[in-house]
Amino acid sequence: MSGLSGALVFGAATVGLAASFVVLERLVRTRNVPTEITRRVAHVLACLFALLVHVVLPFWLFIVCSVVFAALMWLSRHFHVFTSIHKVRRRSLGDVYLPLGIGVAALLGGSDAAVFVAAVLILGLADVAAGLVGDYLRSSRKTWWGSGAFLGVSVIALALCGFGLVPVIVVALLATATERYSPLGTDNISIPLVAAALLAVL
């Protein structure tokens, strides 16, 4: 893909992500949609955005963008711009950590796109699955049922990315343990760190 085409894809994807965040914010402020829902939708959209732009951006620029997006999330949190993303029942800086975690996955994955894709899918889908189960159980803490959902989705994501049985089992189990015991939203960094690091060496 040419530099111009890549820039156009990145620009369109960024506008689309920003517009999605605006819609989510509108839903919270005018329709009283719970922020736990909008936050999880934003989480998935951000990961899908990362998977798309990772294909079209140079490696160094992708890393820079991850840091810039983390800074923008911190500013949004500080000035209460996107309450649909930042306002949750528990203490968490996961919104700021998420783009940094995606950058970590890119750094560890290097030229192996499958490692990056698998780590981001686990972060974007398995983590949200665990949270949705916790929401269904009306629990303010992480639950074993949520960990089971995380494990199941992780196994599926890893298998779809073409990894063998041993990497699938090892990475899924250790990523699940990482998610369960990472406090204050740090799992948005620790999950892709553990997943990508293990996949890179297994």
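Glu36 is buried, at a relative accessible area of 6%. This structure is a predicted model. Arg40 is buried too, at 13%. Both values fall under the 20% cut-off for burial.

The two side chains meet in a salt bridge. The N to O distance is 3.3 Å.

## Asp95 and Arg39

Asp95 forms a salt bridge with Arg39. Their closest N and O atoms are 3.6 Å apart. Asp95 lies in helix 5 (residues 94–109), while Arg39 lies in helix 2. The pair therefore ties together parts that are 56 residues apart in sequence.

Is Asp95 buried or exposed? Asp95 counts as buried, at 6% relative accessibility. Arg39 is buried as well, with a relative accessible area of 11%.

## Asp95 and Arg77

Asp95 also forms a salt bridge with Arg77. Here the closest N and O atoms are 2.9 Å apart. This pair links distant parts of the chain. Asp95 is in helix 5, and Arg77 is in helix 3 (residues 59–78). The two residues are 18 apart.

Arg77 counts as partly exposed, at 22% relative accessibility.

## Network and total

Which residues do shared partners join into one network? Salt bridges connect Glu36, Arg40 and Asp135 in this way. In total, the model has 7 salt bridges.

Technical notes: Residues are numbered from 1 along each chain as its sequence is written. This is a predicted model: local features need pLDDT of at least 70, side-chain atom pairs count only at pLDDT 80 or more; totals for chains, interfaces and linings use all residues. Side-chain values use heavy atoms; hydrogens and water are left out. A salt bridge is a side-chain nitrogen of Lys or Arg within 4 Å of a carboxyl oxygen of Asp or Glu. Buried means under 20% relative accessible area, exposed over 50%, partly exposed in between (1.4 Å probe, protein chains only). Helices (H or I, at least four residues) and strands (E, at least two) are DSSP runs, numbered from the N terminus.
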